[in-house]
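Subject: Structure handover

Hello,

Here is the structure for your files. My notes follow below it.

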Amino acid sequence: MRLTNAPAWHGFKRYAAVTLPLVLLAACSTTENIPPGIVKPATPVVAPPVVVVPPQQAELKSLIALQDRLYDVAAPLLVNNALLCRNNARNLLGFTAKTKYSFTAEFIAAASSLGLTDQLQITGVLAGSGAAKVGLQRGDLLVAIQDKPVPVGADAERQTALMLGPLVNGRNNIKVTVARNGANQTMNVPLTRACAFGIELGNTDNVISYADGRRVLVSTGMMKFTQNDDELALVIAKEMAHNSLTHASRQRNTATMTGVIDNLIRLRPDTTSLSGAAGVKPYPQQLDAAADKLSLYMVARAGYKVDNAAAFWQRLATQYPATVLNGYTAIHPATDYRMSAIQQAVADIQAKQAGGAVIQP
């Protein structure tokens with residue numbers, strides 16, 4: 001799910017200047033003598049006002065937190081694996097930007113309360129990218145690109161993408177002007193060679209992930225199942241590997257996968273369409289094992305651990321076997337065959353790490 005983040009605003013109560021003298025006077029008055037046998041009434045405790053967060057704002061903030069974690073874990077996988085992404089590596093600016101109109105109508109008010117307006121605001125910066133290196137920050141407002149004003153309004157996101165498209169080829173950097181704390185700053189953002197896969201959050205509790213050739217989707221259910229960033233990196237990298245190896249097209253699954261991802265990135269997905277395996281064909285064991293091998297190299301190159309890869313996938317298959325419809329193992333059923341390939345790849349990677357060799361297949 002494409003979401004955005006925005007600065008959190010904290011309100012503070014302002015008390016009148018007379019408060020302190022009143023407190024001091026009250027303290028002096030407590031010196032009065034209380035007759036024996038008379039119990040002085042306790043000072044009533046006034047509970048602080050309860051701040052009620054609108055349900056849609058709370059829901060949006062929860063999804064944003066998951067999206068942030070997904071992006072953070074995906075960043076080193078994308079930046080450090082351009083070599084292994086084959087024909088899917090591109091020059092990237094390394095940031096995402098949204099407006100309040102990036103959401104469906106029911107969430108526009110919630111997005112506005114989180115600080116989004118009709119002007120594009122940077123909502124995520126890819127760690128290790130050129131954008132991160134020059135200091136672009138979440139919350140910066142996009143003002144101009146190559147000295148041309150950035151569009152605003154309901155269609156700003158699409159128009160700006162069209163503006164940027166022709167600029168990333170044949171250049172080393174792009175001039176970006178942002179507004180921060182009321183002042184404009186201009187930076188030359190170096191382009192970063194990285195895997196050009198979109199990373200999406202799927203709004204479903206199903207423990208699942210998908211790849212359609214150009215995007216990777218990881219469900220909220222899968223994110224909650226993973227116990228640490230190393231495990232989440234395994235899931236993301238596995239789908240990146242399927243994309244790099246063109247498995248969706250070889251399986252004639254591209255259109256089906258695309259439809260499933262388009263549905264699940266909505267804030268209100270149509271869960272009735274997820275019947276059976278949602279029309280997705282299970283991967284043959286050879287293709288699945290090939291993706292496992294490539295993904296483990298991607299994980300290692302990104303600095304994540306591969307030691308417990310077999311244990312993670314085995315735990316997933318045990319808790320969500322192939323009989324669980326719309327679950328991960330239903331479309332990746334060859335668990336035993338995969339375990340052998342995973343263990344061999346892990347051994348090869350560990351040997352290369354120990355010997356100081358380049359980590360690549």
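The largest pocket holds about 1,300 Å³ of space. A pocket here is an open set of points on a 1 Å grid over the protein atoms alone, where a 1.4 Å probe fits, with protein on both sides within 12 Å along at least five of seven lines. Volume is the space filled by probe spheres set on the points. The pocket is lined by 36 residues, each with an atom within 4 Å of a point. Closest to its centre are Leu92, Phe95, Thr96, Phe197 and Gly198.

This is a predicted model: local features need pLDDT of at least 70, side-chain atom pairs need 80 or more, and totals for chains, interfaces and linings use all residues. Numbering runs from 1 along each chain as its sequence is written, and side-chain values use heavy atoms, without hydrogens or water.

α2 (55-79) gives the largest share of the pocket lining, five residues. Helices are DSSP runs (H or I, at least four residues) and strands likewise (E, at least two), numbered from the N terminus.

A core joins buried (under 20% relative accessible area, 1.4 Å probe, protein chains only) Ala, Val, Leu, Ile, Met, Phe, Trp, Tyr and Cys residues through side-chain atoms within 4.5 Å.

Gln121 lies in strand β3 (residues 121-125). Gln121 counts as buried because its relative accessibility is 4%.

Best wishes

Technical notes:
Buried means under 20% relative accessible area, exposed over 50%, partly exposed in between (1.4 Å probe, protein chains only).
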